[in-house]
Amino acid sequence: MSASKTTGGKAIDILRNLPRISLANLRPNPGARKTERRRGRGAHGGNKSGRGHKGERQRGNRPRLGFEGGQTPFYLAIPKYGYNEGHSLRPQYQPLSLRRLQYLIDLGRVDTSQPIDLTQLVNGRGVTVQPLKRDYGVHLVEEGADIFSAKINIEVQRATEGAVAAIERNGGVITTGFYDFRSLTILCKPVPFFLSGQPIPKRMLPGEDMVRYYTGAENRGYLSDPEEVERARQELAQKYGYVLPDISKDELFHMLSMRKDCRQIFFGLAPGWVVNMAERKILKPTDEKLLRYYGS
Amino acid sequence: MRVNYVFQFCSLWRTRATESGPMASSSTAEQKCAVVESTEEYKYVERLIPPTKIPTPPLHDGPAPSGWRPPSAVTPDLPYMVRRSRLHNVPVYTDLTHGNRKTTLLRKIEGDIWALENDVKEYLVQLTGKIPLTQVNEVTMSIRIKGHFDKELKEWLLEKGF
């Protein structure tokens, strides 16, 4: 129970009363250091020193690793197949479970009174997205769907059906949106982008392979028809067996129905604008050509 | 029921301020200048700036849906104290070295560390039936236990009120 006031507790109290520590009175715990086996020290001078009798083994001239004496080796006999072909061009999504999302909401790292965006998730240090490593965003996964109970307006890049059902069951709204590489980098790190002084670019539309996903109502794509989305919500409620809450009567209905335009990267900021953080101002272009370009 | 989405972006383009900026009047009449608009939309930029401080968790009635529980308001009357980590979690961590060596680390201990070690040993003896091997580091004020006991130790510490 004699805990010393300084760090070190009992150990430092004991040390103070012992004689000076030097190499002469230190030794490791028995069994901590095992003496190594040295070759060439046995009876008769070690004889062959563990090298065998004559041949390549004793003379140190063995062939390369994988050589099988002339038989076609394993690594050449098996035919090639493109398992990893184009791996650096495949889109990847950082998974986000509903359990982790609920944890972030509970600790106050993600604000549910505003629409949840990838920027909000990154600011709350919930996910880390690396656009340079072929990440295209965040994938919402239904791990923890049974404990999830938060009403949110969330925008992700991919979502599983179970995750969509869990969010809508609690009266929330989920959308999937596409961000190209530049828009994604800006979305993840908006402050360095604003400091660079460039105008906010317009978000590009998805490529051919992703159009189908983002125009589908069952994925709640941002390019899909709102009526189809409504039908899909009813069907999903029937499939998963819950009553779909009516969000139009909700007090947060305005926040829940906020959506980004298909060319918009940030809520409230349009493409073409330049943000001046030092003077807390936003500069908007007035030239007609620029307006037509950014408005298209 | 049709949800009428609020497309913010479309309405933004209709508000085009035609007043010129303060600097343009001296130059030629043809000069186009960017219109400066402050504070109205700057609040959206403020929302995007990442916070520098870790936010304090909001109050919950009992455990939160994710299973997180705050430390009890009353400090438990024990000779030791286990603080929460920076992100308000219980500081029990598991480690796996050499592919097969499982240890549990209990950090951020203050006060009488040997009393805590005794209590931990008593508790784990009840659970497993054998006395766990423990290592007390008085300099870093942490306890390392052989085996993975993170879930059990976290619950045990939460029950104590840490």
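What is the volume of the largest pocket?

1. The model is predicted. Its largest pocket has a volume of about 650 Å³.

2. In total, 18 residues line this pocket.

3. Two helices, α4 (98-106) of chain A and α4 (150-160) of chain B, each supply at least two residues of the lining of the largest pocket. The largest share, 5 residues, comes from α4(B). By residue class, the lining of the largest pocket comprises 8 charged, 6 nonpolar and 4 polar residues.

4. In chain B, strands β4 (residues 92-97) and β5 (residues 101-106) pair in the antiparallel sense over 6 bridges. Within this pairing, B:Tyr93 has B:Leu105 in β5(B) as its bridge partner. The hairpin of β4(B) and β5(B) has 3 residues between the strands, and B:His98 takes a positive phi near 55 degrees there.

5. The largest nonpolar core holds 54 residues. The members that touch the most others are A:Leu98, A:Leu101, A:Leu140, A:Ile152, A:Phe194, A:Phe266 and A:Leu269.

6. Leaving aside residues up to four places away in sequence, A:Phe194 touches A:Ile200, A:Phe266, A:Leu269, A:Val275 and A:Met277, as well as B:Val45 and B:Leu48 of chain B.

Note on methods
Residues numbered from 1 in each chain as written. Chains lettered and ligands numbered in written order. Predicted model: local features only at pLDDT ≥ 70, side-chain atom pairs only at ≥ 80, totals over all residues. Heavy atoms only, no water. 1 Å grid on protein atoms, 1.4 Å probe; cavity = no way out; pocket = protein on both sides within 12 Å on 5 of 7 lines; lining within 4 Å. Points joined across faces, edges and corners; volume = space filled by probe spheres on them. Helix = DSSP H or I, 4+ residues; strand = E, 2+ residues; numbered from the N terminus. Nonpolar A, V, L, I, M, F, W, Y, C, P; charged D, E, K, R; others polar. Pairing = 2+ DSSP bridges. Core = buried A, V, L, I, M, F, W, Y, C linked by side-chain atoms within 4.5 Å. Buried < 20%, exposed > 50% of the residue type's maximum accessible area, 1.4 Å probe, protein only. Contact = heavy atoms within 4.5 Å.
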